[in-house]
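Trainee: I have a chain open here and would like to go through it with you. Can we start with the terms and then work down to single residues?

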Amino acid sequence: MFDSPTTLREICLEFICDNILRVFELYYETNSVTPIRSVESEAIVQKKLRFKDSDLFLFNEISESLLSKFGERHLLSDSTLSLFAEKNTRLRTVKIKNAKKLTYEGLKILRQHKIVHLECVGLKSVCVNKILDCLGEWSRQNITSLNISECSFIDSSRHCLMIALTHLKNLHSLNVSYTEFNQQTLKLICDDLKLLEKLDISGTSVYDLTPLLQYADTLVSLTLADFKLSKALASTVVKLGGLRHLDVSVSSDKLDMSDCSGIQEVLEHEEALPNLVSLELSGWRDFASKETLDAFLRKHAKLRYLGLVLNWIVVDPQYCDPEHVDFNPNLVIAGVGSESQIKVTLQKHYERANYVQKALYHLFQLTSTFQEARPDVFALVLPAMEAHPTKFGVQMAATACVYNLTRGELSKRIHPKLLSRGVNLTLNAMMQFPDEYQLQKNALLTLCSDRILQEVSFDRFRCAKLVLDSLCAFEGSNMNRMAVAICSILAAKVSTDETSELGARPNYMRKLLSMVQSRMETKVSDITMKFTLSALWNLTDESAATCTVFLEQGGATLFLNVLKTFRFDSAIETKVLGLLNNIAEVEKLRMSLMLNSLIEELYSLLKSDLIDVSYFAAGIVAHLASDGPLYWSVNKFTRDEMLVELRNAVSQWKVPDSEMVAYRSFKPFFPLMRPEMDYPIQLWAVWAIHHVCTKNPSRYCLMLREEKGVEYLLDLLADAKTHEDIRSLVGQILQLLKVHF
């Protein structure tokens with residue numbers, strides 16, 4: 001069904017990240033450090049990790065994959081980095097991005113490796129000189145690629161030192177974008193780094209590019225994004241004849257874009273930059289006429305990529321319509337004028353929020369008409385969504401796209417792992433923007449999917465909580481319907497502790513009960529009513545805390561009125577009785593159900609022709625009667641009268657064709673099976689266990705064994721007073737156990 005199943009390596013890496021303390025051994029190391037202006041040393045205790053098998057060795061590719069996965073999962077810290085000792089690992093390429101928990105001490109592990117490519121992006125806690133100090137001598141002499149974008153050259157003493165860069169004589173590629181890199185340092189590196197081929201000085205304070213003329217024939221890539229490109233600077237750029245890649249794009253709102261003379265200077269030199277294969281002009285909304293651009297393109301036949309995001313030239317048919325006579329199929333364009341342009345934009349510029357927001361807005365319009373699954377497009381939306389968690393415009397457009405790409409049957413053609421990632425990012429958006437109605441609606445539209453709720457892996461408790469928060473925050477029939485539909489399914493899939501945590505919140509309970517109340521008052525038995533009842537039923541299952549809150553919020557009286565209002569509506573009767581059955585299982589709450597009006601309803605419902613209705617009514621009676629005559633406090637019908645009706649009901653049931661109910665545990669049944677218990681009560685409990693064990697033996701026979709229910713069955717057989725009907729059912733259950741275990 002899926003073209004790309006998850007690789008074994010990926011599965012192993014994910015497992016390691018989820019089980020770090022199981023896979024590795026934690027230990028503590030004490031180092032002595034002498035603080036500044038002190039003669040006494042201090043003992044610093046460092047938490048570190050090591051391989052349990054000290055002889056285990058991960059070769060280069062696996063070591064780098066593990067490091068990359070730690071970074072992706074935001075697990076990089078001094079302790080996790082300590083795993084990469086030279087005895088056990090081999091690193092040549094190191095990529096570290098926005099690792100807030102890393103310090104200089106942790107980075108020192110890099111000295112043990114021969115590093116050729118180093119990428120430390122957004123590492124605010126360690127200055128550039130300290131980062132370079134963590135390289136061993138071999139690495140400093142042989143490193144070919146260095147990316148220190150968004151790092152700082154300023155150390156803890158507020159000194160700005162950049163001279164260390166000039167010692168990396170073998171450097172071919174250098175990225176110092178968005179740092180304190182300045183004009184003086186540019187001159188130094190141009191004098192000292194003779195092998196430099198790629199340079200990124202985006203967002204720096206460089207104001208004169210003349211030093212680059214030393215590389216006129218050898219510099220192949222120059223990135224000047226968010227750079228005030230004057231006509232004078234551009235006149236230097238056009239003299240760099242060896243350039244194959246030029247980026248003069250803009251993504252910062254702080255840059256004055258009124259002066260486009262630099263861009264015009266580049267484009268009007270039609271004969272310049274003859275080897276150019278990639279030109280990035282994105283962000284400039286109005287830099288030159290179409291005629292000027294066309295003339296430049298005609299003179300640059302080698303060009304294979306053109307960035308024009310946010311420039312409306314891209315909507316011209318020549319650039320977005322493959323059928324146009326002047327369309328160049330060999331030129332890849334980033335923009336928002338067509339699906340292919342949008343895909344390129346999301347692929348190349350997912351980290352630029354203003355580009356992404358515009359691209360996703362236009363993508364949303366396109367995805368509204370998609371009739372076939374597009375996992376390729378879905379996979380491009382997620383990195384953009386992940387890169388900008390706090391940008392409302394991005395998240396708004398992204399959640400809309402995610403819904404359009406997963407709605408209906410479309411989700412079935414998307415890999416579960418990809419869907420899981422999409423759901424988790426959707427939940428992040430819900431948490432980040434709880435007050436945004438349309439975004440919350442987009443999220444609920446995506447989540448309200450059987451495929452997602454039943455088959456995809458994600459934190460269901462977190463999801464249920466966010467959905468209930470949304471339900472409480474907004475009104476609207478569609479929002480309410482989707483929220484309770486989602487909760488009705490999720491509540492059955494989270495642990496009993498988690499259902500208790502959800503159901504025990506009075507605001508959630510009040511909202512759900514108010515929805516039941518309004519429909520009861522208007523006598524509306526719609527799908528929202530049924531979903532709400534299902535959600536309440538599942539939330540109260542095996543949860544005394546939720547049952548207590550239900551009663552405190554007036555749920556018993558409300559549900560009794562629901563039974564009277566929707567008499568003979570079996571779907572509603574079953575759900576209401578199922579919930580009341582959950583309350584009856586809680587011994588300390590049974591007195592709350594000792595109401596003449598409820599017992600009267602149960603007396604009638606026991607006789608229902610529909611086994612679902614009769615079954616749950618019988619369960620309530622069995623639990624209420626199990627406390628004995630002293631606790632039977634109603635007088636409408638005596639306990640003996642109800643037990644007779646209970647016996648008659650169970651005796652007349654025919655085994656249904658399918659599983660009628662799902663149980664988390666048999667433990668509430670065991671007190672009903674004690675030898676001293678009344679025969680009708682025992683009969684209902686044993687019939688119930690027999691029913692589910694017959695319909696789903698693999699699940700329930702195992703549950704019966706694990707919860708030691710067999711002991712209760714054997715006690716019934718051993719008791720001479722046990723009724724023959726019960727003996728027969730017990731014997732059948734034990735036979736099932738023999739067959740399946």
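Mentor: Terms, then. Buried means under 20% relative accessible area, exposed means over 50%, and partly exposed is what lies in between. Keep in mind that this is a predicted model.

Trainee: Fine. What share of the 741 residues counts as buried?

Mentor: In the protein chain, 53% of the 741 residues count as buried.

Trainee: And how many helices and strands are there?

Mentor: The protein chain has 34 helices and 12 strands. Its radius of gyration is 35 Å, while the globule rule gives 27 Å for 741 residues, so the chain is more spread out than a compact globule.

Trainee: What box do the C-alpha atoms fill?

Mentor: Along the principal axes, the box is roughly 105 × 70 × 50 Å.

Trainee: Contacts next. Among those between residues at least 6 apart in sequence, what percentage joins residues at least 24 apart?

Mentor: The figure is 70% for the protein chain.

Trainee: And the surface? How much of it belongs to carbon and sulfur atoms?

Mentor: Carbon and sulfur atoms account for 50% of an accessible surface of about 33,700 Å².

Trainee: Charges, quickly. How far apart are the mean positions of the positive and negative ones?

Mentor: They are 2 Å apart, with 82 positive and 89 negative charges in the protein chain.

Trainee: Changing topic to strands. In which sense do S3 and S4 pair?

Mentor: Strand S3, residues 93–97, and strand S4, residues 117–121, pair in the parallel sense over five bridges. Val 94 has Leu 118 in S4 as its bridge partner.

Trainee: What about S4 and S5, how many bridges there?

Mentor: Three, and the pairing of S4 with strand S5, residues 145–147, is in the parallel sense. There the bridge partner of Leu 118 is Leu 146 in S5.

Trainee: Why does Glu 542 count as partly exposed?

Mentor: Because its relative accessible area is 29%, which lies between the 20% and 50% limits. Tyr 178 is partly exposed as well, with a relative accessible area of 35%.

Note on methods: Residues are numbered from 1 along each chain as its sequence is written. This is a predicted model: local features need pLDDT of at least 70, side-chain atom pairs count only at pLDDT 80 or more; totals for chains, interfaces and linings use all residues. Side-chain values use heavy atoms; hydrogens and water are left out. Helices (H or I, at least four residues) and strands (E, at least two) are DSSP runs, numbered from the N terminus. The radius of gyration is taken over C-alpha atoms; the globule rule is 2.2 Å times the number of residues to the power 0.38. Buried means under 20% relative accessible area, exposed over 50%, partly exposed in between (1.4 Å probe, protein chains only). Contact means heavy atoms within 4.5 Å. Accessible areas come from the Shrake-Rupley method with a 1.4 Å probe; for residues, only the protein chains shown count as cover. Lys and Arg count as positive and Asp and Glu as negative; His and the chain ends are not counted. The place of a charge is taken as NZ of Lys, CZ of Arg, CG of Asp or CD of Glu. Two strands pair if DSSP finds at least two bridges between them.
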